[in-house]
Amino acid sequence: MSDTIEKVKCLIIGSGPAGYTAAIYAARANMNPVLYQGSQPGGQLTTTNEVENFPGYPEGITGPEMMIQLQKQAERFNTDVRDGWITKVDFSGDVHKVWVNDTKEIHCDTVIISTGASAKYLGLESEQKYLKLGGGVSACAVCDGFFYRNQEVVIVGAGDSACEEAHYLSKLCKKVTMLVRRDEFRASKIMAARVQNTENIEILYNTETDEVLGDGQVVTGVRVFNNQTNEKHEIPATGFFVAIGHKPNTDVFKDYLDLDATGYIINAVPGTSKTNVEGVFVSGDAADHVYRQAITAAGTGCMAALDAERYLAAKDAGFEVSTSTYN
Ligand code: NDP
């Protein structure tokens, strides 16, 4: 443990669109934000190839390039952007304690959590290869579906997300093949019925992925197997979508913050970024299992910085602050 404890007015955890937007707003409000980037600087967008739906980029921009620009914008206003992983927190007192890499201790007046969520993947070597190459593997139909217009794609999953994404893809693509590993959907009846009744969606039950096929650069198909008969066959496809759930990166906060059953942080006051702990705010996908877009993450990053600023102003003015006293 370090013997020098750093004091920080506004600590931002996470470096996706939510974290950097919070930093831009907090820095411009003289809150001297310190931002820890976490294990994947730039967040989920760094695994995305082209971003075409973030307003302000008429020609589109790659995910990694966009994150570099957001970082530069945050640093332009003197955000202190650092490498580091938050390994422990203690939100039990008035001052919020945070440990970086199990060593450095920081005492914070406010904390903005922007740790995001991670899409789950199957873990197949071929899937990871084409994911890294940006060659046709995606965990976000809304982000990437457009690139597969009039093409044939495969999607894995049987929950509400998979149904929503398959339906979204069916409006763009010539054909969508959906791989369901059991003989039934997990999704709600209404969502399952929607895909079952869509003409260009073919559902293969009891079917799992054996390998994502490709030419070394891009996906060309998927080899699947029936887990009842072990029969294999190949499906031609240029896109392979994985929709088997997300895991919010919130484990480190679980002893202090209210989380839902999946681990998403619950907003103490709906429509704000406030958590159940005074002075601790959340933005981005760590609290959002519904929209999960870069632009919504950025929007809630802005909200978190404004909420943090108002919280500090109320505290400095000598008010007793509770989640409802500063708005
Ligand atoms: P879920 O956990 O609900 O579903 C995950 C799906 O992926 C399951 O069908 C599961 O199969 C399948 N799966 C998991 N691992 C594998 C694997 N290795 N191979 C093949 N299939 C696999 O996640 P969702 O993201 O769909 O939903 C998360 C939450 O968000 C849910 O509560 C959902 O209701 C909610 N949601 C609501 C929406 C809405 O109301 N509009 C939209 C999207 C999400 P199996 O069933 O066999 O376990």
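These questions and answers go through a predicted model of one protein.

Q: How much of the protein counts as buried, and what is the cut-off?
A: Buried means under 20% relative accessible area. By that test, 49% of the 327 residues count as buried. The protein still exposes about 15800 Å². Carbon and sulfur atoms supply 48% of that area.

Q: Why is E127 called buried?
A: The cut-off for buried is under 20% relative accessible area. E127 has 0% relative accessibility, so E127 counts as buried.

Q: Where is E127 found, and which residues is E127 in contact with?
A: E127 is found in helix α3, residues 125-133. Contact means heavy atoms within 4.5 Å. Leaving aside neighbours within four places in sequence, E127 is in contact with Y121, L122, V137, V212, F240 and V242. As for T300, its C-alpha is 32 Å from that of E127, and the two residues are 173 apart in sequence.

Q: What share of the contacts between residues at least 6 apart in sequence join residues at least 24 apart?
A: The share is 58% in this protein.

Q: How do you know that β6 and β7 pair?
A: Two strands pair if there are at least two bridges between them. Four bridges join β6 (residues 86-90) to β7 (residues 96-100), so the pair passes the test. The two strands run antiparallel. One of the bridges links D90 to its partner K97 in β7. A hairpin of five residues joins β6 to β7.

Q: What makes β7 and β8 a pair?
A: The same test of at least two bridges applies. β7 and β8 (residues 104-113) have five bridges, in the antiparallel sense. K97 has H107 as its bridge partner in β8. This hairpin has three residues between the strands, and N101 in the turn has a positive phi of about 50°.

Q: Why is β7 called mostly covered?
A: Each residue is set against the cut-off of under 20% relative accessible area. Four of the five residues of β7 are buried.

Q: What makes β10 and β13 the edge strands of their sheet?
A: The open sheet of five strands has the order β10-β17-β11-β12-β13, with parallel pairing. β10 (137-138) and β13 (201-204) each pair on one side only.

Q: How many side chains are positive and how many negative?
A: The protein has 29 positive and 42 negative side chains. The centres of the two sets lie 1 Å apart.

Notes: Residues numbered from 1 in each chain as written. Predicted model: local features only at pLDDT ≥ 70, side-chain atom pairs only at ≥ 80, totals over all residues. Heavy atoms only, no water. Buried < 20%, exposed > 50% of the residue type's maximum accessible area, 1.4 Å probe, protein only. Areas by Shrake-Rupley, 256 points an atom, 1.4 Å probe, with all protein chains shown as cover. Lys, Arg positive; Asp, Glu negative; His and termini not counted. Charge placed at Lys NZ, Arg CZ, Asp CG, Glu CD.
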